[in-house]
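Please look over the sequence and the structure shown below before reading on. The report that follows takes up a few places in turn and describes what is found at each of them.

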Amino acid sequence: EDVVYDDVDDNLQYLDTSPLHRPDRPLDWGRGFYQYGAWIFWRFLSEYLAPQGVPDPSIVRRTWEFADGSAAGPDRYSARAAAAAVAEREWQLRWAFADFGVWNVAPDAFYEEGTSYRAAPLDAVHRVSGDRPTTGVRSLVLDHLTNRAVAFRRGAGVPRSADLLVAVDLPPYRRGSEASVIVFDRSGAIEWFPVRLDRDGDGRRRVGFGPSVRAVVLVLTNASIRYRCWVGTRFSCQGQPRDDDLRAWYVAAIA
């Protein structure tokens, strides 16, 4: 609808029940109107994987083709069909989903029509200062196909040359763990970086934290699409997710 009739924005009403409003709710949550709001994920993929910046909705059709349940079709369930379509473009769904979380923190900076989208909420805002140079160890719980984000801001007494070291202790990588750090400059510029995780889900990233930095945001991701299928749920493949209710630990400190 948004692609064929670009000036018709009826779809925007569903963003209140979408990953933009509830990033802590699984993307494949099949209750109420949430599946309508999940159109934003397909919009994301069509822009994120687009050649030369021109949105390419063919990723949606390709996902349908992998989900084709006819005798001649691959008959993959929805999450696996999407993963296969993304893999054809030499990428991984888990990486794309982590960047989906990044885009949703600052939609006006990334999406073609992002000025019409409300940014995803933050779970916490931590202030680090000369007197309190670390956040201490904190944690959040993530279900499958969710993102959660926290911000770090400069307080008084932080050296002009300071860096911020962000460390995470997430569930094992095979369970869908990903993390990203976004740096918001006061000039309006935005940079983001993946946090390289080991197989245990541990990683760290050091970024500049001088006076020009407005905020640093850590995006935590559970990109798991592992299920025990066909048990009658409203998730992908009517499955029971195998990687829900996982605790993710993080800490940030002046370096």
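## Two residues in the loop between β9 and β10

Cys-237 belongs to the loop between β9 and β10 of this model, which is predicted. With a relative accessibility of 6%, Cys-237 counts as buried, because the cut-off for that word is a value under 20%.

Is Trp-230 buried or exposed? Its relative accessibility is 60%, and Trp-230 therefore counts as exposed, given that exposed residues are those over 50%.

## The open sheet and its strands

Five strands, in the order β1-β3-β8-β5-β6, form an open sheet whose pairing is mixed. The edge strands of this sheet are β1 (124–128) and β6, each of which pairs on one side only. From one strand to the next, the twist averages 20 degrees.

At the β1 end of the order, β1 and strand β3 (residues 146–154) are paired in the parallel sense, with 5 bridges between them. Within this pairing, Arg-127 has Arg-153 of β3 standing opposite.

## Strand β5 and its two partners

How many of the 9 residues of strand β5 are buried? The number is 8, and so strand β5, which covers residues 177–185, is largely enclosed by the rest of the structure. One partner of β5 is strand β8 (residues 213–222), and the two pair in the antiparallel sense over 9 bridges. To find this pairing in the model, the reader may look for Val-183, whose bridge partner in β8 is Val-216.

The strand β6 (residues 190–194) also pairs with β5 in the antiparallel sense, here over 5 bridges, and Ser-180 stands opposite Pro-194 in β6. Strands β5 and β6 make a hairpin with 4 residues between the strands, and in this hairpin Gly-188 takes a positive phi near 105 degrees.

## Helix α5 and its packing

Helix α5, made of residues 93–105, lies across β3, β5, β6 and β8, and its direction runs at about 30 degrees to β5. From its first C-alpha to its last, this helix of 13 residues reaches 19 Å, which is close to the 18 Å expected at 1.5 Å a residue. Helix α5 is mostly covered, with 12 of its 13 residues buried; among the buried residues are Leu-93, Phe-97, Phe-100 and Trp-103, as well as the charged residues Arg-94 and Asp-99.

Two packed helices are described by the angle between their axes and the distance between the axes. Helix α2 (residues 39–48) packs against α5 at an angle of about 105 degrees, and their axes are 11 Å apart. The two helices are therefore roughly perpendicular to each other, because angles from 65 to 115 degrees are given that description. On the α2 side, the residues in contact are Ile-40, Phe-41, Phe-44, Leu-45, Glu-47 and Tyr-48, and these meet Leu-93, Trp-95, Ala-96, Phe-97, Asp-99, Phe-100 and Trp-103 in α5. Sorted by kind, the residues of this contact include 11 that are nonpolar and 2 that are charged, while no polar residue takes part.

## Two exposed residues elsewhere

Phe-33 is found in the segment before α1 (34–37), and with a relative accessible area of 52% it is exposed. When residues up to four places away in sequence are not counted, Phe-33 touches Tyr-14 and Thr-17. The C-alpha atoms of Phe-33 and Asp-16 are separated by 9.3 Å, while the two residues are 17 residues apart along the chain.

Ala-71 lies in the loop between α3 (58–66) and α4 (78–87), and at 91% relative accessibility Ala-71 counts as exposed. Between the C-alpha atoms of Ala-71 and Asn-104, which are 33 residues apart along the chain, the separation is 38 Å. Asn-104 itself is one of the buried residues of α5.

Methods
Residues are numbered from 1 along each chain as its sequence is written. This is a predicted model: local features need pLDDT of at least 70, side-chain atom pairs count only at pLDDT 80 or more; totals for chains, interfaces and linings use all residues. Side-chain values use heavy atoms; hydrogens and water are left out. Buried means under 20% relative accessible area, exposed over 50%, partly exposed in between (1.4 Å probe, protein chains only). Contact means heavy atoms within 4.5 Å. Two strands pair if DSSP finds at least two bridges between them. Axes are lines fitted to C-alpha atoms, for helices over the stretch in contact, and angles run from 0 to 180 degrees between N-to-C directions. The expected span of a helix is 1.5 Å times one less than its number of residues. Angles under 35 degrees count as roughly parallel, over 145 as roughly antiparallel, 65 to 115 as roughly perpendicular and the rest as oblique.
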